[in-house]
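Open the model in your viewer and keep the selection panel at hand. The stops below go from the whole chain to single residues.

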Amino acid sequence: MASDTELWRGTDYGWWLAADTSGAVGASLIAFAVPLMMLATTGSSAAATTTESICVVVQTVLGLAGGVIQDRYDRRTLMLIWGASGVVLSAVAAAAVMLFGNAPKTSGHGVNGANAPAFGGPYAHVLPIALLCIVVLFSVRDGLLENTSNAMLRGVVPDEQLPHAMALNDARDSTVTLAGGPLGGLLMTVGHAMPFLTSAVLSVLSMVSAWRIRRYWKRATVDDSGHSGNADDAADDAIDVSGAITAAPRWRDALDGMIWLLRDRFQRHLIIAATMVTGASNAFLLLTALDISQGGSQLISAGFINAASAVGMLLGALMASQLVNRVPGGVLVGVMFALLAAGFTGAALVPSMVGKAIFVACSVLALPAGNAVLGGLSNTLVGKDKLGRVGAGSMVLQYGAYGVAVALAGWGMQTIGYGPTCLILATVLVAAAAYALTMRSLITLPTPDRWAEHIQRWSIAQF
């Protein structure tokens with residue numbers, strides 16, 4: 001395995017990580033603040049989760065076009081555009097909050113009269129509509145551009161260093177999640193606009209870091225059909241944008257990635273299990289944050305379960321880079337699915353919040369290692385010029401499942417209650433684990449040095 005020195009000094013991974021992390025922190029602040037604001041201003045958990053669902057739908061649909069854009073244009077330039085649009089939208093959101101709901105009340109109106117963070121001012125009733133419009137615009141931006149950094153990573157880091165880089169990314173993601181909830185709550189206690197203002201600053205940092213990326217894969221030429229010509233795998237210079245693609249994106253190209261994911265038996269089996277896990281687990285975490293918020297607890301506490309999840313991820317990430325090259329990948333992936341199912345089931349059954357946090361933290365311990373295995377394998381199966389479309393196809397399926405799960409879970413929470421709804425979500429995770437563990441080509445996956453042999457043995461399709 002490549003050393004840390006080779007990864008940090010031999011590539012521009014450090015600048016990529018800084019750009020991606022700044023954007024991730026800003027996005028986590030907004031994702032934390034908006035549902036709580038919608039809950040506070042409408043008094044309805046269904047309204048809060050429906051807003052999230054609408055945004056997911058917008059993002060997933062536009063993600064198909066985004067995949068084509070990310071494969072056809074300079075990815076560093078797209079990252080700069082993503083950051084700049086984040087500055088503008090975050091600033092507009094902050095202005096809307098200050099204009100329509102700048103006077104916090106001493107008590108709010110949560111569901112069933114429970115206390116919740118609330119907003120005052122003569123135009124407070126306009127705030128939910130304004131927030132919905134703004135977050136939909138965020139979703140448009142994210143659908144078209146958010147996956148750019150993921151598509152770019154393989155062009156920044158050599159293939160043999162990908163599992164290690166992805167393990168580091170999981171550690172980063174868990175740190176962001178760990179800090180995002182409490183930080184978002186703390187900022188909201190200072191001022192309701194603070195999460196958006198902070199996001200604007202972080203978007204500027206993302207732009208600066210992306211601008212410093214110089215060594216990355218470039219698409220040198222493209223023929224009339226839109227297919228790439230020769231390209232350097234680790235170019236020392238920035239992309240020559242003078243060769244930008246002029247051909248208009250086609251919907252057939254946009255669907256290529258998703259079609260490939262669904263056509264091959266291995267990919268289809270895996271993506272179905274992944275969509276079930278993504279939808280059910282994230283809906284569980286969101287419902288728990290809303291349940292804490294509407295129960296009269298402090299805003300900072302609303303991120304408690306997410307923080308517990310991040311602690312588990314961080315602990316798992318510390319071990320992941322050592323495990324992926326020593327333990328067969330199928331074992332790591334199998335343990336990942338099994339722990340997710342067992343942990344969230346326990347969290348659904350335990351009544352205390354501390355107990356839920358412990359189960360959630362344990363459930364994600366194997367997630368960084370499993371993600372590193374699956375992410376590294378996927379990157380070896382997909383050409384660099386097609387990563388955007390495959391990422392978009394995966395996003396459509398997984399985010400689509402999340403949107404459906406959130407919408408149904410929100411209504412379930414309002415009709416049958418928080419506890420029964422979480423039990424249903426846990427059952428989905430158990431089914432996903434059972435489905436994944438029946439896949440022999442997955443659970444027999446060896447260590448990365450033998451992936452080529454395994455791919456040939458099981459006739460796993462490449463794209």
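Of the 463 residues in the chain, 55% are buried (under 20% relative accessible area; exposed is over 50%, partly exposed in between; 1.4 Å probe, protein chains only). This is a predicted model, where local features need pLDDT of at least 70 and side-chain atom pairs count only at pLDDT 80 or more, while totals for chains, interfaces and linings use all residues. Residues are numbered from 1 along each chain as its sequence is written, and side-chain values use heavy atoms, with hydrogens and water left out.

**Whole chain**

Switch to cartoon. You have 18 helices and zero strands. Both are DSSP runs, numbered from the N terminus: helices are H or I with at least four residues, strands are E with at least two. Next, consider contacts (heavy atoms within 4.5 Å). Among those between residues at least 6 apart in sequence, 83% join residues at least 24 apart.

**The core**

Select Y13, W16, F196, F284, M336, F337 and L442. These residues have the most contacts inside the largest nonpolar core, which has 104 residues. Such a core is a set of buried Ala, Val, Leu, Ile, Met, Phe, Trp, Tyr and Cys residues joined through side-chain atoms within 4.5 Å. Which helix gives the most to this core? Helix α2 (residues 13-42) does, with 12 residues.

Now centre on F196. Setting aside residues up to four places away in sequence, F196 touches I30, V34, M37, S90, A93, A94, V97 and L131.

**W15**

Stay on helix α2, where W15 has its place. Is W15 buried or partly exposed? At 33% relative accessibility, W15 counts as partly exposed. Beyond its neighbours within four places in sequence, W15 is in contact with S209, R212 and I213.

**Helix α12 and its partners**

Select α12 (residues 329-349) and α16 (residues 418-437). Their axes come within 8 Å and cross at roughly 165°. Axes here are lines fitted to C-alpha atoms, for helices over the stretch in contact, and angles run from 0 to 180 degrees between N-to-C directions. The two helices are therefore roughly antiparallel (over 145 degrees; under 35 is roughly parallel, 65 to 115 roughly perpendicular, the rest oblique). Show side chains at the contact: residues on the α12 side include F337, L340 and F344, and those on the α16 side include C422, L429 and V430.

The axes of α12 and α13 come within 8 Å and cross at roughly 175°. That makes this pair roughly antiparallel. Among the contact residues are L339, L340 and F344 of α12, and K356, F359 and C362 of α13.

**G312**

From C362, jump to G312. The pair is 6.0 Å apart, C-alpha to C-alpha, and 50 residues apart in sequence. G312 is found in helix α11 (residues 304-323). G312 is buried, at 1% relative accessible area. Neighbours within four places aside, G312 is in contact with A361, V364 and L365.

**Cysteines**

**Last stop: S459**

Go to the segment after α18 (451-457), where S459 lies. Its phi is near 50°, a positive value in a residue other than glycine. Most residues other than glycine have a negative phi. S459 is exposed, with a relative accessible area of 59%.
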